[in-house]
Each structure stands twice: as C-alpha cells, then as structure tokens.
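Here is a short briefing on one helix and a set of charged pairs. Look at the structure first, then read the points below.

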Amino acid sequence: MDDSFLPLEPVNALVRAAADAAALAEQRLSVEVSSQAPLGAGLGTSSSLMVSALAAIELALYGQVPERTELFETAVRTESGLSGEAEGGQDHYAAVHGGINLLRFNENGLHAVPVVIPPPLQKEYLSRLSLFVVSHGRRSSDIITSTVERYRSGDRDTVSAVRGLPALARGLAESLAANDLDGFSAQFSEVVRLEEMLSPYRFTRDMSEARDHLRKGLSRTFIKSPGAGGGGCLLVHAPPDQQRQVRMRARSLGLLRLPLSFESKGLRFFQDTLTEEPH
C-alpha cells in the first residue's frame, strides 16, 4: 500500500472522532489503519474508515460487536459532526452492510433495496470495469454546493439531470437484477451524460485530458467520476476488448489502477488473540 493514500492528519481526525463517539476516556488504545484506496478519492474511504474505527474501538473496549443499524447511525452522525456538513449516509451504509443496494432517501430516512447478482455475472461485470487514480482529490462539498446553486437558479441542464437520475438509478438496479448487462451498459452511458450536465466542475483539467485520451475512438467506452466528482478518479465502463485498450493507454499515462471486487458482507471482524511472551 502507498502510504500517501492515508495522509496522517485526516486519518487521525477520523479515528479521534470515532474514539470520542465510543466514549473512550482515559484508556489508551493503539489503532492501526491500512487502505487499498486513497482518502478523498470519491470512493467512500473516509466513511469506511469511520465505520471500521468505531466498530474496532467498541469491540476493544466493550468486547462486543456493535449492532449494525446503530453503528451506521453513529458513523453518519460522527462524520457529519467532524466535517460540519450533512452526510447522506450512502457510503456508510455500503461500509456497514456491503452488497449492491438501491438507496432511497426521504423525510423518514434511508430505505435500501438489495440487488442480488450471481457470482458468474459478477465476474463478467468486473471484466467491463476499470478504476484509475488521476489526480489528488478536491472537496466534494464544493462541487455539491455549486450544483445546488445551479439547481436553485433554474439552470436547465442541472434541473434536467437532477430529475432524470433517480429513474435512471432504478433502471440500473432493474437491469442488474435481471442479469441484463447490455441493458446496464446502455444506461451507464446515460448516467455519464446526465452527470456531465449536472455540474461542469466534476472533472479537473487532468481528469478531462485523461478521460478524453482513454476513450478516444472507443465508441462503447464510457467514463464517469465516482461520487460527487471531487476524488480525482475515473471509473471506466467498456466491453472487455476495449478495456484492454483502455488499460494499455492508462499505463502509458502512468495512471494507478485500483483493484475492484464485489463485497457482499460489508463490515467484518478479524480478532487476533495476543499472548504475552515471557520476559
């Protein structure tokens, strides 16, 4: 793992906030953190770290695994308090529960509908995806704020995208549930189009140049920025023959490719039994 993935200051802040939420008072506790993805990449890393730190500290202090609904709510509340911004909870939900879920938000909170994909289809789907780190992350909240302002001002593209994305999310979930990868691919291209309408600030100059180079001449290759777009990563969806070309081009640009897999279980615990060696 590249240590630059986990800059010390935000990691310390997240772990300290988790310790405070777990009511860690005068007790001393050592927390070791590792990650396969960078913080601020738009991949939910900070939310995963918050969930994991809370669970590990609770287990170390009280000897029991936190109840998942309570853990989810505590993680959202704690990270919102730390950032001073409202957290939607979608990343925390994924970290706690895993799997693929269609999430609906309303005045009553979050409602999740699981989407089950059989293992053979998971393998085929992963063959169509690549994830690359292009540049350092930005504050997603800045992108979200500008998008909200554009929506409130009546910007035609932003309003159209906001209204179109929920139905598209349902269509994507239905295609996956029906094992229809071709239908999913067609709708993924529409996601890319609407997200580019949503905000002109999703891509930095480096991201735009990398995106254009990776997809040049590849009519069935579609590229989006994960999350709100502040992370500096590119998610590439393409048929396997075009994926090979994309990955070769990415290597020529020196882009880091991150591993992808399906995680169906969410948070898991691996507890070591430590024994003291005789002095």
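The model is predicted. Its salt bridges number 13 in total.

**Helix α2**
- Helix α2 covers residues 45-62, 18 residues in all.
- From first C-alpha to last, α2 reaches 25 Å, close to the 26 Å expected at 1.5 Å a residue.
- Its buried residues are T45, S47, L49, M50, V51, A53, L54, A55, I57, L59 and L61.

**Salt bridges of R128**
- R128 pairs with E124, with 3.4 Å between the closest N and O atoms.
- R128 is buried, at 12% relative accessible area, whereas E124 is partly exposed, at 39%.
- R128 also forms a salt bridge with D182, at 3.6 Å from N to O.
- D182 sits in helix α8 (residues 181-198) and R128 in the loop between α5 (119-126) and β3 (129-133), so this pair ties together parts 54 residues apart in sequence.
- D182 counts as exposed, because its relative accessibility is 57% and the cut-off for exposed is over 50%.

- R205 and E209 form a salt bridge, their closest N and O atoms lying 3.2 Å apart.
- Both residues belong to helix α9 (residues 205-215), four residues apart, or about one turn of the helix.
- In an α-helix there are 3.6 residues a turn, so residues three or four places apart point the same way.
- R205 is exposed at 66% relative accessibility, and E209 is partly exposed at 45%.

Key: Residues numbered from 1 in each chain as written. Predicted model: local features only at pLDDT ≥ 70, side-chain atom pairs only at ≥ 80, totals over all residues. Heavy atoms only, no water. Helix = DSSP H or I, 4+ residues; strand = E, 2+ residues; numbered from the N terminus. Expected span 1.5 Å × (residues − 1). Buried < 20%, exposed > 50% of the residue type's maximum accessible area, 1.4 Å probe, protein only. Salt bridge = Lys/Arg side-chain N within 4 Å of Asp/Glu carboxyl O.
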